[in-house]
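Here is a friendly tour of aromatic rings and nonpolar packing. Have the viewer ready and follow along.

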Amino acid sequence: QGLQLNTSPFSFEMHLFIPSIVNDNQIILQRQSTSGSITLALSHSVDTSACKIVYLVGSGSDSYLVASGSILKGQFNHIFAKVDDDVGGKKISIYNNLNLLATSSDIQDFGDINLSNTNLVIGSGSSISMLDYQFSPKHTLSGAIDDFRHYIGSRTISQVTGSYIRETYATDDLALYFRFDEPNGDYDFND
């Protein structure tokens with residue numbers, strides 16, 4: 001589905017498990033084009049009980065928004081990261097287990113950033129460089145994702161509260177839904 005940062009509020013939602021080990025920079029999800037990028041990542045941490053999750057949305061080299069906060073390792077965390085309209089542009093917020101972790105301290109008017117013909121990559125990604133912000137992943141995601149959802153349009157925390165622990169079904173604003181709950185093993189027929 002088409003996604004333009006200048007016209008579409010959007011969000012990502014998932015249950016994320018990070019093991020209780022030292023971690024390096026890792027990308028959880030990423031969508032990039034020559035005119036912009038959306039990245040959700042984990043920052044390097046020697047702490048085995050917590051790490052920093054970083055949400056970065058930007059336009060090439062012109063402007064970006066960042067929000068980050070600490071999440072616990074060794075348990076599933078419900079992550080809700082969104083881009084919303086605000087007076088004069090967009091702002092981003094990230095929630096953990098329905099509690100606000102951080103909101104961007106700035107508001108940006110991204111102009112025309114079209115990510116419609118780009119791939120959404122989950123569990124891997126590329127280095128990003130926006131003005132004074134640099135992030136380079138060292139390896140792919142070490143952890144687990146369950147119930148990954150991508151919504152187009154604005155979602156409130158009240159809407160998320162009503163659906164985050166339940167299976168969801170097709171709606172006009174649900175652009176992508178991966179349950180990631182297939183059992184382990186070999187299959188003769190894999191569809």
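Arg155 sits over the face of Tyr151, 3.8 Å from the ring centre; the criterion is NZ of Lys or CZ of Arg within 6 Å of the ring centre and within 35 degrees of the ring normal. This is a predicted model, where local features need pLDDT of at least 70, side-chain atom pairs count only at pLDDT 80 or more, and totals for chains, interfaces and linings use all residues. Residues are numbered from 1 along each chain as its sequence is written, and side-chain values use heavy atoms, with hydrogens and water left out.

**Aromatic pairs**
- Seven aromatic pairs turn up in a search of the whole structure (ring centres of Phe, Tyr or Trp, its six-membered ring, within 6.5 Å; planes under 30 degrees apart are stacked, over 60 edge-to-face, the rest tilted).
- Phe10 and Phe12 pair edge-to-face, because their centres are 5.9 Å apart and their planes stand at 75 degrees.
- Phe178 and Phe180 form a tilted pair, with 5.5 Å between centres and 40 degrees between planes.
- Ring pairs join Phe10, Phe12, Phe148, Phe178 and Phe180 into a cluster.

- Phe10 is buried at 1% relative accessibility, and Phe12 is buried at 1% (buried is under 20% relative accessible area, exposed over 50%, partly exposed in between, with a 1.4 Å probe and protein chains only).
- Phe178 is partly exposed at 35%, as is Phe180 at 43%.

**Nonpolar cores**
- The largest nonpolar core has 30 residues, and those with the most contacts inside it include Met14, Leu16 and Ile28 (a core is buried Ala, Val, Leu, Ile, Met, Phe, Trp, Tyr and Cys joined through side-chain atoms within 4.5 Å).
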